[in-house]
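Hello,

Here is the model we spoke of handing over. My notes follow it.

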Amino acid sequence: MQLTIKYFGMLAEATSINEEEVQTEVCSVSQLVEKLKHQHPKLSDKNFKIAVDQKLVDQNYMIDSKAEIALLPAFAGG
């Protein structure tokens with residue numbers, strides 16, 4: 001399947017891109033994150049959240065179809 005990966009803030013700076021297309025099989029968010037960290041080693045020391053199709057998800061969420069993935073820098077509420 002094809003995923004659109006969008007990077008925001010310091011994550012876009014770390015990868016030097018704002019968006020990319022990634023081909024992968026059905027996988028969990030944690031598996032995808034490991035793949036992205038392998039492709040972009042500077043992500044390894046960053047803290048971020050993942051959104052799939054504009055909804056925040058946890059590391060166990062299964063991505064099983066074409067989706068838009070956003071890597072969002074950690075943010076504080078208030």
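Leaving aside neighbours within four places in sequence, Leu-71 is in contact (heavy atoms within 4.5 Å) with Ile-5, Lys-6, Tyr-7, Phe-8, Leu-11, Leu-36, Leu-43, Phe-48, Lys-49 and Ile-50. This is a predicted model: local features need pLDDT of at least 70, side-chain atom pairs count only at pLDDT 80 or more, and totals for chains, interfaces and linings use all residues. Residues are numbered from 1 along each chain as its sequence is written, and side-chain values use heavy atoms, with hydrogens and water left out.

Leu-71, Ile-5 and Ile-69 touch the most other members of the largest nonpolar core, which has 20 residues. Such a core is a set of buried Ala, Val, Leu, Ile, Met, Phe, Trp, Tyr and Cys residues joined through side-chain atoms within 4.5 Å; buried means under 20% relative accessible area (1.4 Å probe, protein chains only). Two or more residues each come from β1 (2-7), α1 (10-15), α2 (29-39), β4 (48-52) and β7 (67-73). Helices (H or I, at least four residues) and strands (E, at least two) are DSSP runs, numbered from the N terminus.

The open sheet has five strands in the order β2-β1-β7-β4-β5, with mixed pairing; strands pair if DSSP finds at least two bridges between them. Its edge strands are β2 (19-23) and β5 (55-57). β1 and β2 are antiparallel over five bridges, and Leu-3 has Val-22 in β2 as its bridge partner.

His-40, in the loop between α2 and β4, is buried at 13% relative accessible area. Its side chain makes a polar contact with that of Glu-20 (2.9 Å), meaning N or O atoms within 3.5 Å, one able to donate a hydrogen and the other to accept it within protein, where residues adjacent in sequence count only if both atoms are side-chain atoms.

Regards

Conventions:
Buried < 20%, exposed > 50% of the residue type's maximum accessible area, 1.4 Å probe, protein only.
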